[in-house]
Amino acid sequence: MTGNFYVVGVGPGDPELLTVKAIRILKQCQTIIVPKGHEDGNSTALNIVEQSLSTVDKEVIEIYFPMQKVRMGIPPAPEVAAAWREAAEIIIDRLRQGRDVAFPTLGDPSIYSTGFYTCQTLLELDSCAKTIIVPGVSSISACASAA
């Protein structure tokens, strides 16, 4: 594998809270995998990204991730695990083509993020995949700042 997989925190909704690093990574990646919470809906993370940079020259792949509770020690619902696996397989394909792939996710990826679960699934399928977590402003931090 020659490409890199980036899970990129895009903050709590305000595009001005995207980090300089997040914008740089998103600009350099040829493929962006974006989560959406409803099959016929749009990706909130993509909406935030598109307010800060153009995605016209990028491959943008939207994947529906069912929004269901995931509990430690209990296997996720089959449809949730299937979405993680679908995303991971698409990512592996692009990485093997030498493409860098970004997965923008709301807030910070380390706080209950679909991107983090996708990263974990990716590493289960291919432990050699190079993954990088790019922190973002969490809603917790944004709320504290606003208060």
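Before you click anything, here is a handy word: a residue is "buried" when its relative accessible area is under 20%, "exposed" when that area is over 50%, and "partly exposed" in between, using a 1.4 Å probe and counting protein chains only. You are looking at a predicted model, where local features need pLDDT of at least 70 and side-chain atom pairs count only at pLDDT 80 or more, while totals for chains, interfaces and linings use all residues. Residues are numbered from 1 along each chain as its sequence is written, and side-chain values use heavy atoms, with hydrogens and water left out.

**Stop 1: Arg 94**

Select Arg 94, and you land in helix 3, residues 78-96. (Helices are DSSP runs of H or I with at least four residues, strands are runs of E with at least two, and both are numbered from the N terminus.) Is Arg 94 buried or exposed? With a relative accessible area of 15%, Arg 94 is buried.

Now show what surrounds this side chain. Not counting residues up to four places away in sequence, Arg 94 touches Thr 31, Glu 59, Ile 61, Arg 99 and Val 101. A contact here means heavy atoms within 4.5 Å.

**Stop 2: the charged partners**

Side chains of opposite charge can pair when their charged atoms come close. Glu 59 counts as partly exposed, at 24% relative accessibility.

Asp 93 is partly exposed, and its relative accessible area is 35%. Which residues are linked in a network of salt bridges? Colour Glu 59, Asp 93, Arg 94 and Arg 99 together to see the answer.

**Stop 3: along helix 3**

Slide along to Arg 85 and Glu 89. Both lie in helix 3, four residues apart, which is about one turn of the helix. How many salt bridges does the structure hold? Five.

**Stop 4: Gln 30**

From Glu 89, draw a line to Gln 30. These residues are 59 apart in sequence and 17 Å apart in space, C-alpha to C-alpha. Gln 30 sits in the loop between helix 1 (20-28) and strand 2, and is partly exposed with a relative accessible area of 32%. Leaving aside neighbours within four places in sequence, the contacts of Gln 30 are Lys 58, Glu 59, Arg 99 and Asp 100.

**Stop 5: Val 34**

Select Val 34, which is found in strand 2. Val 34 is buried, with a relative accessible area of 0%. Its contacts beyond four places in sequence include Ser 43, Leu 46, Val 60 and Pro 104.

**Stop 6: Ile 132**

Jump to Ile 132 in strand 5, residues 130-134. Setting aside neighbours within four places in sequence, Ile 132 is in contact with Asn 4, Phe 5, Tyr 6 and Val 7. The C-alpha atoms of Ile 132 and Gly 115 are separated by 11 Å, and the two residues are 17 apart along the chain.

**Stop 7**

Finish with Tyr 112, in the loop between strand 4 (101-105) and helix 4 (114-125). Tyr 112 is exposed, with a relative accessible area of 54%.

Which residues lie nearest the centre of the largest pocket? Select Met 67, Thr 105, Leu 106, Tyr 112 and Thr 114, out of 31 lining residues. Strand 2 (31-36), helix 2 (44-50), helix 3, strand 4, helix 4 and helix 5 (139-146) each supply at least two residues of that lining. A pocket, on a 1 Å grid over the protein atoms alone, is an open set of points where a 1.4 Å probe fits, with protein on both sides within 12 Å along at least five of seven lines; lining residues have an atom within 4 Å of a point.

Terms used:
Salt bridge = Lys/Arg side-chain N within 4 Å of Asp/Glu carboxyl O.
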